[in-house]
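Colleague: Could you walk me through this model, strand by strand, before we get to pockets and rings?
Modeller: Gladly; here it is.

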Amino acid sequence: GWGLTNDGTSLIMSDGTEWLRILDPATFAEKKRVRVTAAGSALKNLNELEYVKGEVLANVWQTDYVARIDLASGTVRGYIDFRGLLSPRERQNTDVMNGIAYDAAGDRLFVTGKLWPRVFEVKVAPKK
């Protein structure tokens with residue numbers, strides 16, 4: 001798997017395709033699969049995952065976008081755009097964004113990437 005998170009009951013795993021696999025945490029048996037779609041088309045390259053307030057956040061590999069996925073339907077509700085977190089100078093000698101962590105107590109995200117010089121604390125504001 002490329003990414004792994006949990007919803008408090010099941011494990012949720014990505015494998016780089018458009019599928020999220022829902023696993024039993026005790027046996028790792030697959031309980032079901034959810035196909036992720038955006039505007040009716042499969043969304044592939046689902047990477048790092050985090051479960052936040054009923055949604056699965058999935059970094060889209062080789063981009064600075066995180067998809068907000070409704071786990072019941074697999075529909076992408078929107079994207080969080082993390083382009084520009086690093087300056088052009090900081091972006092040199094780095095690789096892909098691929099780290100997402102959620103702090104429920106502080107209601108904040110932490111994001112980073114391979115060889116990134118820092119971790120960013122992020123509060124996502126609702127779209128106006």
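Colleague: Which residue in β2 is the bridge partner of G3?
Modeller: The bridge partner of G3 in β2 is S14, where strands are DSSP runs (E, at least two residues) numbered from the N terminus. Keep in mind that this is a predicted model, in which local features need pLDDT of at least 70 and side-chain atom pairs count only at pLDDT 80 or more, while totals for chains, interfaces and linings use all residues. Residues are numbered from 1 along each chain as its sequence is written, and side-chain values use heavy atoms, with hydrogens and water left out.

Colleague: How many bridges are there between β1 and β2?
Modeller: Four bridges hold β1 (residues 3-6) against β2 (residues 11-14) in the antiparallel sense; two strands are called paired if DSSP finds at least two bridges between them. The two strands make a hairpin with four residues between them, and G8 in that turn has a positive phi of about 95°.

Colleague: And what stands opposite S14 in β3?
Modeller: That is L20, and β2 and β3 (residues 19-23) are likewise antiparallel over four bridges. Their hairpin has four residues between the strands, with G16 at a positive phi near 90°. L20 also has a bridge partner in β4, namely V34, and β3 is joined to β4 by five bridges in an antiparallel arrangement.

Colleague: What order do the strands take in that sheet?
Modeller: The sheet is open, with four strands in the order β1-β2-β3-β4 and antiparallel pairing. Its edge strands are β1 and β4 (30-35), each of which pairs on one side only. Neighbouring strands are turned by 25° against each other on average, direction ignored, with axes taken as lines fitted to C-alpha atoms and angles running from 0 to 180 degrees between N-to-C directions.

Colleague: Switching topic, what is the volume of the largest pocket?
Modeller: About 440 Å³, where the volume is the space filled by probe spheres set on grid points, which are joined across faces, edges and corners. On a 1 Å grid over the protein atoms alone, a pocket is an open set of points where a 1.4 Å probe fits, with protein on both sides within 12 Å along at least five of seven lines, and lining residues have an atom within 4 Å of a point.

Colleague: Which residues lie nearest its centre?
Modeller: E55, R68, I80, V124 and A125, out of 18 lining residues. The largest share of the lining, three residues, comes from β10. By class the lining has 10 nonpolar, one polar and seven charged residues, counting Ala, Val, Leu, Ile, Met, Phe, Trp, Tyr, Cys and Pro as nonpolar, Asp, Glu, Lys and Arg as charged, and the others, Gly among them, as polar.

Colleague: How many aromatic pairs does the structure hold?
Modeller: Three, with rings of Phe, Tyr and Trp (its six-membered ring) pairing if their centres lie within 6.5 Å, and planes under 30 degrees apart counting as stacked, over 60 as edge-to-face and the rest as tilted. One of them is Y65 with Y79, edge-to-face at 6.3 Å centre to centre and 80° between the planes.

Colleague: Why does Y65 count as partly exposed?
Modeller: Because its relative accessibility is 27%, and buried means under 20% relative accessible area, exposed over 50%, partly exposed in between (1.4 Å probe, protein chains only). Y79 is partly exposed too, at 42%.
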